[in-house]
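Subject: Structure for your review

Dear colleague,

Please find the structure below, followed by an account of what was found in it.

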Amino acid sequence: MNIIYEKLCDVCAVWRDEMKTFVRDEGVFLFCLLMPAVYPLLYAWIYNNEVIREVPVAVVDESHSALSREFIQKADAAPDVSVAYRAASLDEARRMVERQEVRGIYYLPAELADAVYEGRRTFVSVYADMAMTLQYKAIYMTATSVVGQMNKDIRISRMTKLTTQRDEDISAAPLRFEEVPIFNPSGGYAGFILPCVLMLVLQQTLMLGIGLSEGTRRERRRMLTVAHLHPSHGYGLRLALGKGLAYFMVYSVWAAYLSIVVPRLFGLVMIAQWRDLLAIMFPYLLACISFGLMLSWMVRYRENVLLLVVFTSVPFLFLSGVSWPLSSIPVFWQKVGALIPSTFAIRAYVRVGSMGATAADVMPELRALWIQAAAYFLVASVVMWRTRK
Amino acid sequence: MLKRVVIILKRELRILQRNPIYLVFMVVMPIVAVLFFTTILSSGQPTEMPVGIVDEDYTPITRRMARLLDAFQTTRIAGQYATVSEAREAIQRNEIYAFLYVPKGTSAKLLASRKPTISFYYSMTSMTSGSLLFRDLKTISSLANAGLMQATLRARGATDDQIMTYLQPITIDLHQVANPTLDYNAYLSTTLVPGVLTLFLFLLAAYSLGTELKFETGPNLLHMAGDNIWVAITGKMLPLFIISLAIFYSYELYVYYILGFPHLGGPWPLVWLGLLTVVASLGFGIFMFGLMPQLRMSMSICSLWAVLSFSMAGSIFPAANMDAPLEALTWLFPLRHYFMVYQAVVFNGYSVANVWLHVVALVAFALLPLFVYPRIKKALKYYVYVP
C-alpha cells in the first residue's frame, strides 16, 4: 500500500515539475499556451471570406448584339465573376491577363448573334488563367451556367407549336436535377480547411512543447528532475505518467477551446454532441501526448524538434485525406498516415463536427486512436527507462 | 579577405559534418518532401471517387443514368442504398463522397412529361472531391436531358446535326491556358514544395547562427573572420546556400523536366527564380536572427512565419479574396512573392515586367540582413547562453 502511495507521489512530483515548465520555459510557453490560442484565430481570419467572389474577367465583344450584351450582363450579375474590362481585341485582353489585372477572358465572336438567328451552332470562348483553380472554377462555371440559361431560352423561342409555359419548360429540360450540398453547404473554404487545421494545431503544438521541454531536460544532462525519483523498476512509466498528466490537463482546456469555442466564434458548422466530441478528443490527446513523448528521444538539442515538427504540418494535413480524397492517396502514404494521430482525429472530427456523424460512425478511427495511445505510451515508457542514465 | 572567407567556410563544413541535423534538413528531408507531394498527387486529378446511388425507381431509364455516372473518370459507383438516410450514413462513415437519389415514379413521370426531379447529394467538407463531383453532376444532368430530348427529336425525324444545334445553340470553347489537363500535382506541388524548402532555409539560417551562441563559439568565429561580420556570415552561409540551391535546382529539374509540369516560361526563369528564392529565404532567416539574437526565439518566430506562408502565399485561396489588411500582410512572406513570380513568369510565360514588384520584394528580403549585421556581431561577441 505504502509503495503504491510513494509511486503516486513520484508521479505527482513529476507532474508538478512539468507544470512549472509551462510558465518558466519560454519555448514551451510560446508553443503550448500562446500558439493554441492565437493560431486558430489567425487561420479563421485568413479564410474568413470563405468563397471566391467577383473574380475579374475581361470581355471581348465582337458581336455587339443584344445576345452578347445579355451574356455580359448575366455574367457580371453572377456572384463569382465581375466583368472588369471590355477589351477591343483578344490581344488587348491577353495583355490584361498578363498584367494580372484580370484572371480570364470571355470572347464573344462576331458571328454569335447571326449564327443563333440563322440556326447554326456557334460558341463562346473562355480563356482562363490556370494558376489558381478556385478562380478558374469561378470563371468556367459562370460561363457554363450563363450559356446554359441562354440555350434554354433560345430553345424555347424556337418552339412554335408549344403553347403553355409549362410545355415550354418541360420540352426545354424534361428532367430536373437538384443539387444538394449536404455538409458544409455554403461550399466555403473555411468550413472545409479550418476543422482540419484546428485538430492539427493541437497535435503539432503538443509535439513542439513536449519536444522542447524534453530537449531542455536532456541538454541539462539532468534526467531526474525530481530528486527522490530513483531510476528503479517502473521509472519510465512514472515519468511518462507524470509528464503526460501535466500535458493532458493543459490540453484538455485547449481541446475544448479548439473543438467547441473556435468553431462557434467563426460560425462554422458544428453539430456534434458533447459526448461524441469527448469520445474523439480524449483518445486523441492521449495519443498525441504519447506520440510526443516517444519522439522526444530523437531530440538531442531542443531546437531540432522545431525543424522536424514544423515541416510535417502540411504533409500531415494531406495524409488526413480531407484536402485530397483518401481514395486517391497511394497506399504507401495511407500506411504512413495511419501512424499519425492527427490522421484519424481529423477524419473523425470532420465527420462528427460538420457531418453530424455519431461516435459509432467513426468507430474505426476511435479504435485507431486508442491503439496509438496505448502503443506509443508503452514505447515512450521503455525509451525513457532506457535513457535514464 | 577572401582567404578568411575560405577559412570560415572550412570551419562551417566541419560543423556540417559533425551535426547530422544539417544533412538531414538540407538534403534528406527536402527530397522526402518532393517525393511526398509529387507521389501523393501523382494522379493529377482525383479519379474513381466512390459515389453511391439510391434508386427507388429501378427502371431501365434510371439504370442507364447510374451507368452514365459510373462511366465518368472521376467517379465510381461504390454502393446501392435503399434509402437516403442509409446513403447519408455511408457518407458519414466516409464510404462514399456523394450520392444520386432517384425517387420512386421518376420514369413514369418522365414518360408522362411531368418533369420529375432527381437529386444529387454531395459533401463539401472535402473541397477537391466536392467541387469535382459537382462538375460531373452538371455534365450528367445536361447529358441526361440531352439524351431524352434527342430521343424525342429523332422520333420527329431530325438529323443529328439539327439535334445538336437545337440542344446547344451556343457551346463553350474552353481554353485552359498553360495547364490544359487541370493537373493538381502541377498546381499544388509547385507551391508546397518550395514552401517546405523555404521553411528549412529560414530555420537552418537561424539555427546555424544561433548554435554559435549556444556553444559560445561566437568570439572564436569573429576572431577567425578578422573581426569582420561580413566575412563571418558569408563564410557561414556559403555551404548552406550552395547545397540548398543545388537542391532547389534538382527539384525544378525533376518536376519540370522529368514529371513535365507546365512551364511556358522556359528554363531561364527557373534558374533566376530558384536563386532569388533561396537567397531571399536565407536573408529572412538571418534577419530574424538579427532581430532576436537568440537561437530559440528566432527559430520559433521563423517556424511560425514559415507555417503561415503556406496560407499567405495565396496559391490556393487567393490573396485578393482575403480581408484587405491580410492582403497587405502577404507582402511580408517570401513564399508569396515566389508564387506571384512563378505563376506569371514560369507557369504562364509572361514577361517579368508584369510582376517586377514581387521580384524587387524578393531582392529586398535577400538584402534585409544588412540592417542587422551590427546586432549579430554584438550578439556573437558578448552573448552568454542560458539553456
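Two strands are taken to pair if DSSP finds at least two bridges between them. Helices (H or I, at least four residues) and strands (E, at least two) are DSSP runs, numbered from the N terminus. By these criteria, strand β4 (residues 122–129) of chain A pairs with β5(B) in the parallel sense, over eight bridges.

The model is predicted: local features need pLDDT of at least 70 and side-chain atom pairs count only at pLDDT 80 or more, while totals for chains, interfaces and linings use all residues. Residues are numbered from 1 along each chain as its sequence is written, and chains are lettered from A and ligands numbered from 1 in the order in which they are written.

The pairing of β4(A) with β5(B) belongs to an open sheet of five strands, in the order β2(A)-β1(A)-β3(A)-β4(A)-β5(B), with mixed pairing. Its edge strands, β2 (81–87) of chain A and β5 (170–177) of chain B, each pair on one side only. From one strand to the next, the twist averages 25°; axes here are lines fitted to C-alpha atoms, for helices over the stretch in contact, and angles run from 0 to 180 degrees between N-to-C directions. Helix α3 (residues 66–77) of chain A lies across β1 (55–61), β2, β3 (104–108) and β4 of chain A, and runs at about 140° to β2(A).

Contacts between the chains

Two residues are in contact if their C-beta atoms, placed from the backbone, lie within 7 Å. On this basis, 93 residues of chain B are in contact with 88 residues of chain A. On the side of chain B that touches chain A, helix α6 (residues 127–155) of chain B gives the most, with 13 residues. That side divides into 52 nonpolar, 32 polar and nine charged residues. Here Ala, Val, Leu, Ile, Met, Phe, Trp, Tyr, Cys and Pro count as nonpolar, Asp, Glu, Lys and Arg as charged, and the others, Gly among them, as polar.

Strand β3 of chain B

A residue is buried if 20 or more other C-beta atoms, placed from the backbone, lie within 10 Å of its own. Strand β3 (residues 98–102) of chain B is largely enclosed by the rest of the structure, because five of its five residues are buried. B:Ala98, B:Leu100 and B:Val102 lie on one side of the strand, with B:Phe99 and B:Tyr101 on the other, and both faces are covered. Strand β1 (residues 49–55) of chain B runs parallel to β3(B) and is joined to it by five bridges; B:Gly52 has B:Phe99 as its bridge partner. Four bridges join β3(B) to strand β4 (residues 117–123) of chain B, in the antiparallel sense, and B:Tyr101 stands opposite B:Ser119 there.

Chains and domains

Chain A has 14 helices and five strands, and 50% of its 389 residues count as buried. Domain bounds come from an automatic or database domain assignment. For chain A this gives domain 1 (2–48 + 186–386) and domain 2 (55–172), with C-alpha centres 51 Å apart. Chain B is divided into domain 1 (2–42 + 183–382) and domain 2 (49–167), and their C-alpha centres lie 49 Å apart.

With kind regards

Conventions. Buried ≥ 20, exposed ≤ 12 C-beta atoms within 10 Å, placed from the backbone.
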